[in-house]
Amino acid sequence: MKLRRLIRLFFLSTLTSAWLLMTAPVLAQPVNTDAERLFETGFEQFQNNVFANAIDSFNELRRTYPDHPRSMDAMYYTAEAQLALGRDEEAIRILDAFDASWPTHPFAFGTRLALGKFYFDRGEWSRASNVLESVLERSPGPESSALALYWMAESRIRMNEPDAAIRTFQRIVDEFPGTPTAPRAAYAIAVAQVNMARYDQAAGSFEDLASRWPNSDYARNVGLALAEVYYELDDFGRTADEIRRQLPYLDGVARDRARFLLAESLNQLRQHDDAIVEYRYFTEGDPGNPYYRRALYGLAWNYHHQESWQWAADTFRLVHESGADDLSAESMYYEAVNRRMAREDAEAVRIFESYVTNWPDHSMVDHGWHELGVLQYQRRNWAEARDALSVFVSGFPESDVRGDALMHLGNAHIALGEFDPALQAFDRAIALDAAPVSLREDIRFQKAWLLYRNRNYREASEQFLALFESNSVSVQAAEALFWAAESYFQVDNFRRAETLFERYLNSYPGGRHVDAAHYALGWTYFRQGRYTEAIPEFQRFLNAYQETSETVPYRSDARLRLADSYFALKRYAEAVRVYGQMAADGDDYALYQIGQAYSNAGDAFEAISTFRQLLTDYPDSEWQEESRYQLGYLYFLGQEYELAISTWEELIADFPRDPLAAKAQYGIGDAWFNAGETEAAVRAYQQVLTGYPGSPFTADAAAGIQFALMADGQDRRADSIVDSLATALAGTPAADQLRFRQAEAKYQSGRSGAAATDFAAFVSSDAEPVLKAEAWYYLGMIARDDARPAEAMDAFRQVLQAPATANRRAQAARELGHLELDAGNAEAALTSFQAVERAAEGNARLVAEARFGQSLALSQLGRDAEARRLLEDVVEQTGSSPDAHPALLGLARLYLDEGNTNAAVPLLNQLAAEAQDETGAEALYLLGQEYLLRNNPRQAIETLGRMAALFPGYPEWMAKSLMAQGQAFESLGEAGQALQLYNELVSTYPDATEAAAARARIAALEN
C-alpha cells in the first residue's frame, strides 16, 4: 500500500474537523486572494491527478507566501503528490519536515503513524518501531495508541523478538481493550505462542480471546486454531470436543481441515468406528481433496488395528498408487505387512520387492529388506531370502533388526550349502558401486523398466537415457534408447520422443524395435497434429509389417491412424481409400468413417449412401445409432427438414435410452426452428427437458426455447415458459439448466443488466455447484466489462473455490490474473496464472497462455530470466504450432523490454501474420509502437492501419491503434488526419481508456 493511501486512511475520520481548525484563524484576518487562488489551483490539479502541476502550484505558494496558513496545507499535499508520482523518498523528507515544523497541526500526528507503517512495509523494522514510539509519546487517543502499539509489536516479530512483541501486544489488550485493535492483538499473542511451540500458553490465550471478545472476527476464527493447539498438546479428547462444537459454523477448506483433524484425533483415541466414519467423509468424496490420501492412510491404519488385514492392505495400496512421496513409500511397506498378516505371502513378497526397489532411501527400507528376506525364508525360497538379507546386512549396519537378519541369513546360506562368503562380498561390491559394468547396466535397465511398468514415465525416461548415454555400444544401449523415446512419448514430450525415435532408427537400422519405432514415430507426429509427417511413418510400418511379426502386431491400428491422418488433412479421397481397405475386411467403423469423410468433403449423396449401407449390412453394429443420427443430420444440412425429423424420430423410437436419443430430440427442435415452425420447435425442445432431464442437451434445449421465442419477439413468453418448466422440474438438474440458460441467453443478447440480476439470484440458490461456478464466471465478465475490477476479481475467485470444470477454472484464473496485473499485484497474478496451467490438463494453447501470463507477472517482479525460460520451454514443446503464439508474444515483449528489437520485431511480424486472435492484435500494435519509437511514423501508420482489416473484433486494440496513428500523424504535422482518427476513436470507442486522451487532443487541435 502506498504511503499516500495510508495517510488518507488515517485522516479520513478527522479531515473535516482539521479543516475547520485550520480555516478558523484565517477568517479573522484579511484574505490574501492571491495565496488562496494559488492553493485552489494546486488543489484542483491535485484532485484531477495532475500531480506534477499541483506540486508546482503548491511550491509557488510556499515560496511566495511562506507565512500564509495555506502554506502548511500546501506542504502536506505536496508530499501526497510526490507519493502519487512514486517519489517516496522525497515525500518522506517533506512529511518529516512537516512534522518537525508544525507538530501540533491536525495532520502531524497521523503523519507519524503513517510513516511508521510505511517503514514497516518497507522492512525497516527498527526505524518503524522508533517512529511509532514517538507517536505514543504524544498521548494520542485509544485507537491510535493501539494501532501504534500493534505495528510496534509486529516490527518486533519481524526482528525475531517474539517475547518483546507479545508484551507489546499485551499492552493493547490491557490498556485499550475497547478498541477494534484489541481482539486482533489478542489473536496475534496466541499465534506467536503457537509459532514458539508454547501450546499451553496459546490455548489459554485463544480461550481468553473467545471469552472477552466473543463477537469479533478473530474470536470466530479461534475454534479450529484452538483445536489445533489441543492436538499439538496431545489432548485429543478436547480436540474432538472443540471441533464438534465448531463444525456447524465452518465451511469449505476450514470444514475439511476440521473433519480431518477430528478423524486423526479419534484415531489417536482408538475410537476406530467413529474415526472410520470421519475418514470415509474424504475417501468416498473427491480424490482431488488435499486430505484424500491422508484420510486413506488413516483409514488403513484403523482397519489394521481392527485386524481387518485385507481391507487395510487394499486401502494402503490406494494410497501408494495415488502418489509418489514418502506417504506412498510408507503405505507400500504397510500394504506388504498387511498382506503378510492376511497370509497372502506371494503378493506380500511382490510388494516388498517393489518397495525396496522404488524407495531405496526411505526411512523404513531396512525393515522392508528384512521383512522380504524373512518372508522368503519362511516360504523356503532360500536363494531369494539370501539375496534380500545380504542387501540388508551390507546396506544397513545400524538397523535395530540387524541381529535377527544375520541369523536368518546364516541359515539361508546353510540351506543352500554356500559356505563361501563370495555372495556376501559380491553384494557389498554392489553397495559400493564396484560391480561389473554389465551387471550395473542390467540393474539400471531393470530399474528403469520397472519405473516404466509402474507408469512413472518421466523418471523412466531419464533412467533409460542416462543408461544409453553412459555406454551407447553396450548390449542394453539400443533397448534403453527405444524405451527412453517411448517414455518421453508417454508424458507427451513429443519433441524429445521424436528426436530419440529418429536417433534409434538411424543408429540401429537392424534393431528389433525398428517396426515399432516407425509405428511410434507416426503416433508421435499424429499426437502433435503433424499429420503430413505421420503419414509416411505409418506407411513404412505397414509396408514392413509381416503377418508373422510378433514385435508390434498393430497393423489395423496403424492403418486406421493413417486414414485418420488423411481425414484430419481433409484429404478425404485418400482417407476413403484406406478406410475402404478396412471396410472390405468387415470393419464397420471404417465404413462409418467413410461416411464421415464424404460428409466433410461435401458429398452428401455418397455420405447418405454409405450410412444407409452400414445400417443395412451391419444391423448389429455399435455404429448403428451414430449412423442414423448422421443420416438425419445430413438431411438437416440439406434443408430436408421433414426427412431429418422422421429419421431422428425413428432413432428415438428404436433406441429410446441411447445418449443420442436426447441429441436427436434436440435436433428435431432445431429442424422445426429452421423450418419456421416456432411452436413445434418449442415443443421439441421441451421434450428434451422433460424426457431427458439428465442429458447433456438440456442446456442447449433450454437455450433453444429462449432463442426461438426471442427470435419471434416473444421475450415475455420465453421467460414465462422457462419459469413454468423450472417449477415443473423443480429438484432436477434440468430446472437448474433452465434457470442458468435463461440468464445466459439474456447475457448473449446484450441484456447484461438483466443477466446479472438472474445470475446473482442463481448463485444464491441451491443449484448444482458446477453451474453456479459458471454463473459466477459470467458475473465476473459482466463486472469486468463494466469497469468494476474488484467485483470481477471476487467473482472469478468464487469460480476457483467452487467445483468448476477445468476449462472454466482456467478461464477464470486467466481473467483474474490479468486483473491482478492491472492492479499491480504481480505475486497474486503469478499464482493465478499458475492455476491456469494446472487447470489446462495438457491443453497446449492454455498452457501457453498461462506461461504468457506468468511471464508478465515475473517481469513485473524483475524476474525476467525466469520468464524467458518458461516461454522458451513452451516454444520448444509446441514448435511452430499456433499453440505457441502466446509464448512467442511473451518473448517478443521481453526482448522489447531489454531493448533487443532485432529479436522482437521478427516475432511480432510472425504473430501479426499468423495469429487470428487477440495475440495477433497485440503483436500488431506493439509492432506499430516500435516503428514510432524508431521515428518512422509512416511505417507505424501503415502497420497500425491494418488493425481494422485484420482484428476488428478487438475494441481495446482498435482504440489503442487509432490513438497511436493519430500521434504519428501529429508528428508528421498532418493535424487534419490526426483529428479525423481521434474523432473516430471517441465516437466508436467512447468508453476506451484512450478516449479521454483523444478528446484532449481534439480540443487542442481545434483551438
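Trainee: Of the contacts between residues at least 6 apart in sequence, what share joins residues at least 24 apart?
Mentor: That share is 47%. Keep in mind that this is a predicted model.

Trainee: How many helices and strands does the protein have?
Mentor: There are 57 helices and zero strands.

Trainee: And what percentage of the residues counts as buried?
Mentor: Of the 1007 residues, 50% are buried. The accessible surface is about 48,100 Å². Carbon and sulfur atoms hold 48% of that surface.

Trainee: Switching to confidence. What is the mean pLDDT?
Mentor: The mean is 79, with 87% of residues at 70 or more.

Trainee: Where is confidence lowest, and where is it highest?
Mentor: Lowest is helix H2, residues 15-27, with a mean of 34. Highest is helix H55, residues 955-971, at 92. Residues 1-29 have pLDDT below 50, yet the model gives this stretch 47 contacts beyond near neighbours in sequence.

Trainee: Which other residues stay under 50?
Mentor: Residues 548-553 do, and they have nine contacts beyond four places in sequence.

Trainee: Now a helix pair. At what angle do H51 and H52 cross?
Mentor: Roughly 140°, with the axes coming within 8 Å. H51 spans residues 901-914 and H52 spans 918-933. Angles over 145 degrees would count as roughly antiparallel, so H51 and H52 are oblique to each other.

Trainee: Left-handed or right-handed?
Mentor: The crossing of H51 and H52 is left-handed. H51 makes the contact through residues including Val905, Leu908 and Leu911. On H52, Gly920, Ala923 and Leu927 are among them.

Key:
Residues are numbered from 1 along each chain as its sequence is written. This is a predicted model: local features need pLDDT of at least 70, side-chain atom pairs count only at pLDDT 80 or more; totals for chains, interfaces and linings use all residues. Side-chain values use heavy atoms; hydrogens and water are left out. pLDDT is the predictor's confidence in each residue, from 0 to 100. Helices (H or I, at least four residues) and strands (E, at least two) are DSSP runs, numbered from the N terminus. Contact means heavy atoms within 4.5 Å. Buried means under 20% relative accessible area, exposed over 50%, partly exposed in between (1.4 Å probe, protein chains only). Accessible areas come from the Shrake-Rupley method with a 1.4 Å probe; for residues, only the protein chains shown count as cover. Axes are lines fitted to C-alpha atoms, for helices over the stretch in contact, and angles run from 0 to 180 degrees between N-to-C directions. Angles under 35 degrees count as roughly parallel, over 145 as roughly antiparallel, 65 to 115 as roughly perpendicular and the rest as oblique. A crossing is left-handed if the near helix is turned anticlockwise from the far one by less than a right angle, and right-handed if clockwise.
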